[in-house]
Amino acid sequence: MAAAVIAAAVTYAILAIHPWPASPLSQFLAAFGRASAAVWPMQLVWYLAAAAIVALALWPGRRSPQLACALAAAYFAWIGIAYFAWQMPGMHYSWLWATAFTLQAVLLVVAGVARSDLVIRPRWDLASGLGAVFIAYALIGYPLVGVLGGHALRAVPVFGVSPCASVIFFFGLLLWAVPPAPKYVLLVPLAWSLGAAPPDLSRGVAADYGMLVAALLTAAWQTVTAGLLLALMIAWSGHEDVLAGLAVALAAVTLVQAIKGHHQPPPAGPVPSGRAAKLKVS
């Protein structure tokens with residue numbers, strides 16, 4: 001946590017003095033406006049899906065964790081294919097982010113559906129409280145910041161189109177997850193947060209300060225290893241190729257390690273005679 005805080009302070013102090021080069025905010029919002037118009041009314045579909053995920057987490061049933069993760073996986077696949085590959089093919093490293101977000105969808109299917117390692121079920125503790133705040137911010141607060149900044153709702157990034165709102169929502173779900181949550185599902189959202197924040201903040205997207213807070217706190221809550229990884233990624237903020245490549249590589253490696261070491265059955269054999277149960281006669 002200390003390493004992450006120090007790295008964040010140094011990196012974003014440099015950002016304040018020497019902002020990253022970025023396109024003007026008007027051009028950025030115009031691109032989002034075109035993307036939103038092209039995919040309408042899918043925003044409503046994904047808001048309903050987000051509400052379903054929250055409901056499945058709060059009122060769990062027999063298959064609720066798997067259904068919640070399946071919806072989250074479908075949403076990440078949508079962002080990877082519909083946003084990066086379809087709507088933003090000319091964006092810097094769009095092909096790399098399309099691959100990374102689609103990989104995140106696969107990881108969620110593996111972790112939450114096939115293996116049931118990711119169980120989204122909030123508790124009465126501080127982590128779950130923060131998770132609820134991040135979820136509400138992703139769905140309501142993120143676009144509201146843009147509207148209060150004087151921009152039209154049709155042009156501001158919203159859940160269903162915005163990768164930034166998407167990863168904030170997922171950070172909230174990860175804080176709701178029953179510990180220990182698999183670390184490989186954290187890598188892609190963390191890489192996007194730290195890769196997108198510097199240029200977005202330079203062009204004036206104030207809502208992304210919330211994304212940085214969500215990334216920092218979620219990674220710090222996972223383990224010391226996640227906090228150190230966050231510090232490493234912060235040091236490379238603004239270098240999207242490095243961050244996305246690092247996330248994809250680490251996610252693949254940790255997933256393979258998790259699969260190899262998962263559910264090793266105990267060796268079969270006869271019960272030793274000395275430890276056999278005795279019949280008690282009264």
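Helices here are DSSP runs of at least four residues, numbered from the N terminus. With that in hand, let's look at this predicted model.

Read along the chain, the pattern goes α-α-α-α-α-α-α-α-α-α-α. That comes to eleven helices and zero strands. Of the 282 residues in the protein, 49% are buried. Look at contacts with a separation of 6 or more, and you'll find that 78% of them join residues 24 or more positions apart.

Now for the inside. The largest nonpolar core has 80 residues, and Phe101, Leu118, Phe169 and Trp192 touch the most other members. Several helices each supply at least two residues of this core, among them α2, α5 and α9. Take Leu118: leaving aside neighbours within four places in sequence, its contacts include Cys69, Leu108, Leu174 and Pro182.

Which helix packs with α4 at an angle of about 170 degrees? The partner is α7, and the two axes lie 11 Å apart. Because an angle over 145 degrees counts as roughly antiparallel, α4 is roughly antiparallel to α7. Here is who makes the contact:

| Helix | Residue range | Residues in the contact |
|---|---|---|
| α4 | residues 64-87 | Tyr75, Phe76, Ile79, Tyr83, Phe84 |
| α7 | residues 163-176 | Pro163, Ser166, Phe170 |

Sort the residues of this α4 and α7 contact by type and you get seven nonpolar, one polar and no charged.

Key:
Residues are numbered from 1 along each chain as its sequence is written. This is a predicted model: local features need pLDDT of at least 70, side-chain atom pairs count only at pLDDT 80 or more; totals for chains, interfaces and linings use all residues. Side-chain values use heavy atoms; hydrogens and water are left out. Axes are lines fitted to C-alpha atoms, for helices over the stretch in contact, and angles run from 0 to 180 degrees between N-to-C directions. Angles under 35 degrees count as roughly parallel, over 145 as roughly antiparallel, 65 to 115 as roughly perpendicular and the rest as oblique. Contact means heavy atoms within 4.5 Å. Ala, Val, Leu, Ile, Met, Phe, Trp, Tyr, Cys and Pro count as nonpolar, Asp, Glu, Lys and Arg as charged, and the others, Gly among them, as polar. A nonpolar core is a set of buried Ala, Val, Leu, Ile, Met, Phe, Trp, Tyr and Cys residues joined through side-chain atoms within 4.5 Å. Buried means under 20% relative accessible area, exposed over 50%, partly exposed in between (1.4 Å probe, protein chains only).
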